[in-house]
Number of protein chains: 2
Amino acid sequence: MSLADSRTASGTPVRGRPRSEAVERAIMEGVMKLLEDGVPLAELSVERIARTAGVGKATIYRRWSGKEELFVDVVRAAEPPGPELPGTSMRDDLVALLEQHRRRGLMTRSSALLHSVYAQMKSSPRIWAAYHATVVEPRRRLQKEILRRGQANGELRADIDIDLVNDLVFGPMLVRTLMRPDADLPEGLAEEIVDKVLEGLRPVSPPPA
Amino acid sequence: MSLADSRTASGTPVRGRPRSEAVERAIMEGVMKLLEDGVPLAELSVERIARTAGVGKATIYRRWSGKEELFVDVVRAAEPPGPELPGTSMRDDLVALLEQHRRRGLMTRSSALLHSVYAQMKSSPRIWAAYHATVVEPRRRLQKEILRRGQANGELRADIDIDLVNDLVFGPMLVRTLMRPDADLPEGLAEEIVDKVLEGLRPVSPPPA
């Protein structure tokens, strides 16, 4: 798991001057180091992070309001950046987004560290809320935006609530990646889910072969 | 939350003589009482349960191998019993099963106790595994049995992997009930999910209206 380059690629606004960016990276890598050393989230104080990164506590507080916000930034930087959306159709964009969910699932499964990070995050309501607000909600907004575009251009039935459509399309993959650790995540799963769901969600169904 | 009658209705095998059943109920109600009093799962020892229920520790160990197994039995007894399946069609049976998921979701949301019980269960890998093996897996097996019957009688396309079908049908509801505590669980949701998914999963789609 590396923080290299993924930070700006994931759309996080760059704060301050380039030099400040290096300091930020050192702080975030300090957090990663502590996590890799097995320090539980509950013992991850700003003071300890500052000591590990070789900066003062004030330097951290100038950039993050607390360890929760910093931690979420670290997790977000470690996640793969948002996918390039082909933009050729709603269907192709949905496949790209679902494929991203699938890859994130595979990554979490293969990394004991990430696995532990997510588990700890869920057991802290404040951090979970921060992660939701800064990562999960924007992701959902983008999904729904693409679905709405599909409704507008006739790829998607317009008579279904967009939140329900979102759950019908993304629910199956979320259940596999987040709730069923033993479930298969084979290549092609994203396409298969989108196509199987769409055959019912399209306004006009193709005639049987 | 009451244990009354739901125990045999949920299919738990009755152990021993009727008198033994009363003892069992007293023990399980002892666990409920401790949970209602806010005792965390980690402090719920067999000794403390025995004291609360007014029985000896040996009486508990004769029936359960440990507090994990006992705890899962308590949770299972507190959950609503499995639904009556109409058996008129795969579609109707799926609606009944999804409606059960919806009701369990509403119940968990409205009960701070149940909410806390599930959260604590998830943070104990041994209890979570026991709950999965005795509650979640049998539920999945029943779902897949009904889907297979649908494939056999032509209600469901036979060219999709049954596990994927299961996730397509149940995933959207599971995401709403378990992962999105703020999501709507309106009446009629079960039917809407089944019908919207089926319009794509049926071998022959109806012509557009």
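This is a predicted model: local features need pLDDT of at least 70, side-chain atom pairs count only at pLDDT 80 or more; totals for chains, interfaces and linings use all residues.
Let me begin at the interface of chain A and chain B, across which the rule finds six salt bridges, a salt bridge being a side-chain nitrogen of Lys or Arg within 4 Å of a carboxyl oxygen of Asp or Glu. One of them joins the side chains of Arg157(A) and Glu199(B), at 2.3 Å from N to O.

Residues are numbered from 1 along each chain as its sequence is written, chains are lettered from A in the order in which they are written, and side-chain values use heavy atoms, with hydrogens and water left out.

Now to the extent of the interface. With contact taken as heavy atoms within 4.5 Å, 27 residues of chain A are in contact with 27 residues of chain B. Between them the two chains bury about 2300 Å², 65% of it on carbon and sulfur atoms; buried area here is the accessible area (1.4 Å probe) that two parts lose on being put together, summed over both.

Finally, how are the two copies related? Chain A can be laid on chain B with an RMSD of 0.1 Å by a turn of 180° and a shift of 0.0 Å along the axis, the superposition being by least squares on the C-alpha atoms of residues with pLDDT of at least 70 in both. The two copies are therefore related as by a two-fold rotation axis. The same surface serves both copies, since 100% of the contact residues of chain A recur in chain B.
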